[in-house]
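Open the structure in your viewer and keep the selection panel at hand. The tour goes stop by stop.

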2 protein chains.
Amino acid sequence: MQQQYPSLLLEQAVAEISKLPGIGRKTALRLVLHMLRRDAREVHALGNSLKRLVDEVQYCRTCHNICDKEECDICANPLRDRSTICVVENIQNVMAIENTGQYRGLYHVLGGVISPMDGIGPNDLELQSLVERVEQGDIAEIILALNPTMEGDTTNFYIQRRLAGNRVKLSVLARGVSVGDDLEYTDEVTLGRSIINRTALN
Amino acid sequence: MQQQYPSLLLEQAVAEISKLPGIGRKTALRLVLHMLRRDAREVHALGNSLKRLVDEVQYCRTCHNICDKEECDICANPLRDRSTICVVENIQNVMAIENTGQYRGLYHVLGGVISPMDGIGPNDLELQSLVERVEQGDIAEIILALNPTMEGDTTNFYIQRRLAGNRVKLSVLARGVSVGDDLEYTDEVTLGRSIINRTALN
């Protein structure tokens with residue numbers, strides 16, 4: 001049953017908020033009523049920051065990471081290792097890898113992975129621009145850091161084939177048991193691979 | 001550790017969104033990146049509807065329900081029973097009771113319940129205006145429909161005392177087992193009350 005809203009403005013705001021992923025009408029109503037209890041200036045700040053973001057945000061012309069100018073801070077940083085490119089699915093993954101503090105190379109954001117089920121093919125992703133970056137030379141290694149899923153593996157395989165003629169080194173993230181995992185509950189594929197790819201200690 | 005955002009605009013939008021209740025930085029980032037994939041006009045519509053809401057929304061001068069004009073649709077409706085007032089904590093509760101289709105009287109939205117722990121006293125709520133509505137006469141019954149919590153009961157008790165001199169009939173929502181409940185898992189206070197206040201079948 002369609003809920004009756006006492007105010008049209010309230011109904012419109014709830015309808016807009018509930019378009020966001022994972023937010024239903026009840027949560028949207030709770031958020032909107034929370035905003036009404038806050039200072040009107042704070043809600044204006046929220047609305048304005050969202051509008052500014054979609055109007056002014058840019059994507060790095062080289063790696064397609066989100067940024068405020070033509071080139072992102074990582075690509076513009078002369079201290080980064082320019083011979084290594086880490087290929088990731090999205091911006092969150094750049095942030096996750098940056099947070100580890102373990103990587104000093106550049107990135108390439110594909111904007112997704114190949115997924116025939118969702119109608120996403122190679123031409124919907126930034127794959128051609130990756131090939132061009134490699135063909136311009138100076139790249140020694142490509143680290144494929146896609147999610148360990150079927151779609152990620154498909155995309156890895158596609159990239160491997162597309163770069164077959166180049167002398168660039170290709171690698172994928174190590175797969176194995178996570179820190180803190182309980183072996184009893186680790187899935188058998190992961191556990192099996194972690195035995196096959198065991199790391200020598202001496 | 002403070003996460004590094006690749007864009008200042010992104011960081012500001014995430015900061016604003018994560019001020020909302022129940023939304024952390026990860027969820028805020030996910031929502032903001034989802035908005036970036038949408039049409040910019042949709043995000044403008046979202047921002048504008050929130051701004052319009054906080055700027056233009058009004059509260060009914062009689063029952064304090066949210067509305068777009070001076071008097072809400074319920075108070076303005078000549079078909080509603082004007083001799084009964086249902087006292088509720090907030091706007092969501094008006095909507096919940098309206099959705100049952102079982103109530104044809106008017107409402108009074110307190111805007112909260114008495115809660116000394118949270119520093120909310122009688123003067124922070126619309127209690128004086130409730131007393132004035134009753135003293136103006138024509139009210140036969142007040143239904144106290146507050147949440148069945150300690151704060152709700154305290155507020156019920158306070159209203160009962162404030163209205164002690166009036167001849168208005170006071171009632172509270174029936175308490176008992178919910179439809180679909182399993183008696184094995186019903187708390188003993190509720191189950192005990194449902195036995196004491198059992199409903200005769202013949």
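**Stop 1: a sheet in chain A**

Select strand S5 (residues 141-144) of chain A: four bridges join it to S6(A), and the two run parallel. Strands here are DSSP runs of E, at least two residues long, numbered from the N terminus. Two strands pair if DSSP finds at least two bridges between them. Pick A:Leu144 next; its bridge partner in S6(A) is A:Val172.

This is a predicted model: local features need pLDDT of at least 70, side-chain atom pairs count only at pLDDT 80 or more, and totals for chains, interfaces and linings use all residues. Residues are numbered from 1 along each chain as its sequence is written, while chains are lettered from A and ligands numbered from 1 in the order in which they are written.

Now show the whole sheet. It is open, with four strands in the order S4-S3-S5-S6 (chain A) and parallel pairing. Strand S4 (105-109) and strand S6 (169-172) of chain A are the edges, each pairing on one side only.

**Stop 2: the axis**

**Stop 3: across the interface**

Select B:Val32. Leaving aside neighbours within four places in sequence, its contacts (C-beta atoms, placed from the backbone, within 7 Å) are A:Leu53, B:Leu10, B:Ala13, B:Val14 and B:Ile17.

Methods
Two residues are in contact if their C-beta atoms, placed from the backbone, lie within 7 Å.
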